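Let's take a walk through this protein, one region at a time. Have the 3D view open as you read.

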Amino acid sequence: MSDALTCQRDAFGLPEDLHYLNCAYMGPLPTVSEEAGIEGIRRKRVPVSIHPPDFFETSDELRRLFADLVGEADPTRVAIGPGVSYGIAVAARNLPVGRGQNVVLTHEQFPGNVHAWTRAAREAGGEVRFATPPAGPGRGQAWNENLLEQIDNATAVVAVPHVHWTDGTRFDLVDIGRRCREVGAALVVDGTQSVGALPFDVSEVRPDALVVAAYKWLLGPYSVGLSWFGERFDEGVPLEETWIGREASEDFQHLVNYRDGYQPGALRYDVAERSNFALLPMAVASLRLVSQWRPERIQAYTRELVAGVLTEAAGLGFAVEDEAWRAGHLFGLRMPPGLDLAALKESLERRKVVASLRGSALRLSPNVYNDSSDVEALLDGLREAVTAS
Ligand SMILES: Cc1ncc(COP(=O)(O)O)c(C=O)c1O
């Protein structure tokens with residue numbers, strides 16, 4: 001029997017006539033996660049239903065699920081935060097950048113990464129370098145080559161995504177990781193636009209930190225971010241000194257026996273009140289689904305679903321990245337010259353096709369709830385806009 005994934009729309013509450021191709025903006029919440037959240041809110045009505053072990057057990061389960069998803073055997077390497085900027089701030093706090101050193105980022109990277117590293121570099125008397133893509137064919141490969149060229153003996157940190165949030169350009173993290181180790185640079189990965197829908201294995205990439213927002217491809221709630229931290233962070237300094245991050249915090253009666261030691265691994269980096277009784281059960285329910293569907297099957301499903309779109313869009317004059325350098329779940333169609341953007345927007349909106357315009361590209365980001373009817377509606381909209389221009 002084939003192990004291939006079939007459409008999982010039944011697991012979601014999306015309206016039937018909505019062609020939602022915008023998971024890179026926000027993933028829809030699966031129905032089981034919605035129910036877990038409502039149940040979590042209800043428990044707060046009568047607080048005796050929330051017991052001391054509840055402060056730990058759901059968090060531990062979430063760490064286990066995320067660790068499994070990224071090939072990590074030790075769940076204590078996972079910290080729970082409120083979003084990506086928080087995880088990147090932990091990384092920037094603990095990875096030293098010295099005078100004359102540099103931090104390498106990509107062109108148009110998501111702002112939270114850019115601001116954190118720009119400040120770290122500025123305060124240290126170092127510089128930030130941006131790897132830039134050329135225009136035209138071969139863009140993805142050339143962008144990857146440029147990124148490797150930016151890394152040198154003065155590089156302290158390379159902070160990059162697996163796929164670019166604007167157009168899905170894929171970065172070869174195994175190669176980048178190897179180059180980082182050659183020069184002694186730390187590698188920080190923002191996996192928000194990939195983890196969940198594209199396989200990621202910490203033992204292959206060997207990053208120092210991996211930070212992921214739960215609300216996109218992990219199909220979780222807003223305001224949960226999961227970070228994996230490697231050995232460089234083992235004795236690091238958290239952003240906050242939380243009671244729960246300290247040794248023996250399970251013993252509520254003796255919390256004022258202040259302890260110097262922290263909970264194991266990366267738990268010291270958890271945000272205050274990380275045990276959110278509504279959000280974490282939602283995140284757990286979503287991650288269970290993603291783990292069951294598996295990123296490699298989700299990637300194969302989306303790749304196959306959009307194969308026809310890419311061929312036809314190229315025929316209509318849209319430029320598409322080479323298959324090797326883009327993701328199946330997230331990619332951009334660059335406009336043909338002269339295409340009327342307003343007409344394209346209108347034509348898609350009328351068909352209830354939801355995607356994002358990012359710069360000069362239409363960003364499409366399908367997932368397991370999409371099927372051929374979504375792709376057909378999109379193609380109809382593209383055809384009409386090209387004919388009208
Ligand atoms: C690549 C990437 N990183 C991070 C974020 C969100 O960052 P934060 O969780 O700090 O709001 C987004 C949201 O679009 C994103 O695309």
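## Around the ligand

A residue counts as near a molecule when its C-beta atom, placed from the backbone, lies within 6 Å of that molecule. Going by that, the ligand is surrounded by Gly83, Val84, Ser85, Phe110, Gly112, Pro161, Trp165, Asp190, Thr192, Gln193, Ala213 and Gly225. Sorted by class, this shell holds five nonpolar, six polar and one charged residues. Here Ala, Val, Leu, Ile, Met, Phe, Trp, Tyr, Cys and Pro count as nonpolar, Asp, Glu, Lys and Arg as charged, and the others, Gly among them, as polar.

A quick word on the model: it is predicted, local features need pLDDT of at least 70, side-chain atom pairs count only at pLDDT 80 or more, and totals for chains, interfaces and linings use all residues. Residues are numbered from 1 along each chain as its sequence is written.

## Two domains

The protein is split into domain 1 (9-23 + 294-388) and domain 2 (33-292), with bounds that come from an automatic or database domain assignment. Their C-alpha centres are 29 Å apart. Where they touch, domain 1 puts in 22 residues and domain 2 puts in 19; contact means C-beta atoms, placed from the backbone, within 7 Å.

## The nonpolar core

The largest nonpolar core has 109 residues. Such a core is a set of buried Ala, Val, Leu, Ile, Met, Phe, Trp, Tyr and Cys residues joined through C-beta atoms within 7 Å, and buried means 20 or more other C-beta atoms within 10 Å of a residue's own. Both domain 1 and domain 2 give residues to this core, so it lies between them.

Note on methods
Two residues are in contact if their C-beta atoms, placed from the backbone, lie within 7 Å. A residue is buried if 20 or more other C-beta atoms lie within 10 Å of its own, exposed if 12 or fewer, and partly exposed in between; C-beta atoms are placed from the backbone.
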